[in-house]
Amino acid sequence: MTDVVVVGAGISGAASAYELARRGFRVTLLDRYSPAAMASGWTLAGVRQSGRHPAELPLATAAVQRWAGLADELEGETRYRRNGNLRLARTAEEVPVIRSLVEQQSAAGLDVALLTDTADIQAVAPAVSDRVMAASWCPSDGSADPRATVLSYVAAAQRLGVEMRFGEQVRRIETVEGHVTGIATDAGMIAASHVVVCAGIFGNELLEPLGLAVPLQVPMVTVLRSVPMPAALGPVIGVANADCAGRQEVDGRFRVTSGLETWHGDIDHDGPRPAVRPTMRSIAEVVRLFGEVVPAFKDARMDETWAGLIDLTPDGLPVIDSPAGLDGLTVAMGFSGHGFCLGPVTGTIVADLVETRRTPFPITPFALDRFTDRKQVAFEPLSLHG
Ligand SMILES: Cc1cc2nc3c(=O)[nH]c(=O)nc-3n(C[C@H](O)[C@H](O)[C@H](O)COP(=O)(O)OP(=O)(O)OC[C@H]3O[C@@H](n4cnc5c(N)ncnc54)[C@H](O)[C@@H]3O)c2cc1C
């Protein structure tokens, strides 16, 4: 018997299943592939508050507090490191962008500083080029290992009794007279009084038959991962216009991303997880752009490249909501390129919503109905991800 079915074993779904099980719910976690098969495996996995939309900042701050003890709590690995985040201005035009970001976020209570001296920037990250003109510095930001974290959530949830069903696709959410009654999968039916949709870019396949939808665009991001290199870079590096970002992993591999690119819909579903291929031109551009700000990266030999897809909403904010009018449905998707950091808090909010339809977190900006009144939903340009 299951009380709650969670669809999607990325960080949002895995954390939700874990939190629900801690509260005594009988939970089934399903994924059409495997844990961390999509965005939660493709990600850069920065754990940052800096550069956040004001609506997300309280969640990001709560998440960062939670990340510190997460590995112990889950009795697994997260490889979380609080090594800070530097967002760089490479030109005179980018300096005011970074300055205004720091002013806004300091006013919102975040401990973030503007560094305008190369020596100050290189004091926290000696590997950064001396051509960089200024940077925001948030010492409490960091990063984690995305796959290890999701697997730790899955293992912890399993120990709490969550039933895992991987390689099984949910086809439909079943309802009767305004109440969720379960799901139909490609292997059969599962009865449940609550369904949580954490299905990333595929979430609308399940919502649309219910008359619901999260307006999404799906751009792609090129990701490069090098072979292990000597330790050179502690903080996560971003840039003012978000055309590249990167960090060095615990074992010395650089993990570096492009800005948003157009995705033309090609995706290979044949392997253990879906694969999207980046273009050679984009790979070369990432090497050039990140190499300009971290010269050591120019010498790195690449081990892997892939492209990740982003579930981008018009305002760049997620939907975390139990929509009115249908009893037993909770949605957590549309994280728009920055949902990895939020995962631990997303799980808590989802569990709150399933349990009582309420949460102490300020989630009004993440309501699904913010889109429903507008016929035409205009997408705002997303300036930051990662
Ligand atoms: C290149 C890149 C860089 C990023 N950098 C950062 C960063 O630095 N910091 C940050 O915080 N965030 C970052 N993000 C965003 C972050 O990774 C995502 O927001 C987050 O991982 C989303 O997790 P999720 O669980 O909501 O979705 P996903 O990880 O996409 O999980 C959805 C899951 O649902 C499953 N699924 C879908 N449909 C079905 C179905 N019908 N039946 C069964 N299963 C189904 C899929 O197989 C998938 O495993 C980045 C993303 C990308 C792509």
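This is a predicted model: local features need pLDDT of at least 70, side-chain atom pairs count only at pLDDT 80 or more; totals for chains, interfaces and linings use all residues.

**Helix packing and sheets**

Let me begin with helix 1, residues 11-22, and helix 10, residues 343-356, which pack at an angle of about 50° with their axes 7 Å apart. The crossing of helix 1 past helix 10 is right-handed. On the side of helix 1, the contact is formed by I11, S12, A15, S16, E19 and L20. Helix 10 contributes G343, P344, T346, G347, T348, V350, A351 and V354. Sorted by class, the contact of helix 1 with helix 10 comprises seven nonpolar, six polar and one charged residues.

Helix 10 has a further helical partner. Helix 3, residues 57-68, packs against helix 10 at an angle of about 105°, again with the axes 7 Å apart. Which orientation does this give helix 3 relative to helix 10? Angles of 65 to 115 degrees count as roughly perpendicular, and helix 3 is therefore roughly perpendicular to helix 10. The residues that meet are L59, A62, A63, R66 and W67 in helix 3 and P344, V345, T348 and I349 in helix 10. Here the contact of helix 3 with helix 10 divides into seven nonpolar, one polar and one charged residues.

I turn now to what helix 10 lies across. Helix 10 covers strand 1 (4-7), strand 12 (194-197), strand 18 and strand 19, and runs at about 165° to strand 19. These strands belong to an open sheet of six, ordered 8-2-1-12-19-18, with mixed pairing. At its edges are strand 8 (163-166) and strand 18 (319-321), each of which pairs on one side only. Direction ignored, neighbouring strands of this sheet are turned by 15° against each other on average.

The loop between strand 18 and strand 19 holds S322. Is S322 buried or exposed? Its relative accessibility is 10%, so S322 counts as buried. Apart from neighbours within four places in sequence, S322 is in contact with L329, T330, L353 and R357.

A second open sheet has three strands in the order 9-10-11, with antiparallel pairing. Strand 9 (170-176) and strand 11 (188-191) are at the edges and have a single partner strand each, so one side of each is left without a neighbour in the sheet. From one strand to the next, the twist averages 25°. Strand 9 and strand 10, residues 179-185, run antiparallel and are joined by six bridges. One of the paired positions is V170, whose bridge partner in strand 10 is T185.

Finally, I draw your attention to strand 14, residues 236-239. Strand 14 pairs with strand 4, residues 85-89, in the parallel sense over four bridges. In this pair, V239 of strand 14 stands opposite L88.

Notes. Residues are numbered from 1 along each chain as its sequence is written. Side-chain values use heavy atoms; hydrogens and water are left out. Axes are lines fitted to C-alpha atoms, for helices over the stretch in contact, and angles run from 0 to 180 degrees between N-to-C directions. Helices (H or I, at least four residues) and strands (E, at least two) are DSSP runs, numbered from the N terminus. A crossing is left-handed if the near helix is turned anticlockwise from the far one by less than a right angle, and right-handed if clockwise. Contact means heavy atoms within 4.5 Å. Ala, Val, Leu, Ile, Met, Phe, Trp, Tyr, Cys and Pro count as nonpolar, Asp, Glu, Lys and Arg as charged, and the others, Gly among them, as polar. Two strands pair if DSSP finds at least two bridges between them. Angles under 35 degrees count as roughly parallel, over 145 as roughly antiparallel, 65 to 115 as roughly perpendicular and the rest as oblique. Buried means under 20% relative accessible area, exposed over 50%, partly exposed in between (1.4 Å probe, protein chains only).
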